[in-house]
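Please examine the sequence and the structure shown below before reading on. The paragraphs that follow are intended to be read with both in view.

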Amino acid sequence: MSRASALRYPTPAERDALYGPLDWEPAPTANNPEAIRITNGFERQIVAVDVPLLGRVRIHRGAAPSLGRALMEIERLGWGQKIHGFEGGFEPRVVRRLDGTLSGNLSSHAYGTSIDVNAGSNPQGGEATADQRDLAGVFERHGWYWGARFSTPDPMHFEYVLPPERSAGTENV
């Protein structure tokens with residue numbers, strides 16, 4: 001990683017103020033021990049949008065326009081081939097640590113403000129590929145904090161950290 005990010009990562013309270021509130025209870029299953037059940041209607045903030053290069057994505061309505069713009073820029077740069085996989089957007093769950101234990105804190109995926117791209121070649125705790133570093137520069141210009149900057153790097157992870165955008169008709173970004 002070359003330079004520091006101009007973006008500031010939000011605290012859980014700031015994320016809740018920007019995108020929530022999100023009330024929840026644990027709802028683990030055998031295949032998904034980190035699962036939660038949202039209990040306050042927060043899911044009305046989640047939209048399904050069609051975006052370039054990824055297809056249909058479930059994401060917070062306030063992050064959808066920026067995601068579309070970032071992916072359009074990646075497409076314009078001719079970097080579509082740098083995206084090998086899309087492994088997740090909105091996913092109601094708590095944070096899963098590198099060792100597989102659960103933190104008890106809400107994941108930003110539960111807010112629909114995060115996506116995981118190229119997980120197979122950019123695993124949590126691993127080094128980012130050159131392609132991922134290229135993509136990170138574009139995502140950061142559009143307000144997406146890169147998980148490779150976490151104390152435990154997560155280079156597949158991008159999280160929208162700016163105030164929600166207002167947009168009508170986010171079905172096709």
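The explanation below treats a pocket, a helix and a few backbone features in turn.

The structure is a predicted model. We begin with empty space. Rolling a probe the size of a water molecule over the atoms shows where empty space is left. In this model, the largest pocket has a volume of about 710 Å³. Its lining consists of 27 residues. Those that lie nearest the centre of the pocket are Tyr9, Val95, Ser107, Gln124 and Phe150. Several elements contribute to this lining: the helix α1 (12-19) and the strands β6 (94-96), β7 (102-106) and β10 (157-160) each provide at least two residues. Sorted by class, the lining residues comprise 10 nonpolar, 9 polar and 8 charged ones.

We turn next to a helix. Helix α2 covers residues 64-76, 13 residues in number. From its first C-alpha to its last it reaches 18 Å, close to the 18 Å expected at 1.5 Å a residue. Which residues of α2 are buried? They are Ala64, Pro65, Ser66, Leu67, Gly68, Ala70, Leu71, Glu73 and Ile74. An α-helix has 3.6 residues a turn, so residues three or four places apart point the same way. The buried residues of α2 are covered by parts of the structure that include the strands β3 (46-51), β4 (55-60), β8 (114-117), β9 (144-146) and β10, together with the helix α3 (130-141). After α2 comes Gly78, which has a positive phi, near 75°.

The last topic is the backbone. Most residues other than glycine have a negative phi, and most peptide bonds are trans. With this in mind, consider the peptide bond from Gly20 to Pro21, which is cis, with omega near 0°. Pro21 is placed in the loop between α1 and β1 (24-26).

Two residues other than glycine have a positive phi and deserve attention here. One is Leu53, with a phi of about 75°, and this residue is found in the loop between β3 and β4. The other is Asn118, with a phi near 60°, in the loop between β8 and α3.

Are these two residues buried or exposed, or does either fall in between? Asn118 counts as buried because its relative accessibility is 3%, and buried means under 20%.

Technical notes:
Residues are numbered from 1 along each chain as its sequence is written. This is a predicted model: local features need pLDDT of at least 70, side-chain atom pairs count only at pLDDT 80 or more; totals for chains, interfaces and linings use all residues. Side-chain values use heavy atoms; hydrogens and water are left out. On a 1 Å grid over the protein atoms alone, a cavity is a set of points where a 1.4 Å probe fits but cannot get out, and a pocket is an open set with protein on both sides within 12 Å along at least five of seven lines; lining residues have an atom within 4 Å of a point. Grid points are joined across faces, edges and corners, and a volume is the space filled by probe spheres set on the points. Helices (H or I, at least four residues) and strands (E, at least two) are DSSP runs, numbered from the N terminus. Ala, Val, Leu, Ile, Met, Phe, Trp, Tyr, Cys and Pro count as nonpolar, Asp, Glu, Lys and Arg as charged, and the others, Gly among them, as polar. The expected span of a helix is 1.5 Å times one less than its number of residues. Buried means under 20% relative accessible area, exposed over 50%, partly exposed in between (1.4 Å probe, protein chains only). Contact means heavy atoms within 4.5 Å.
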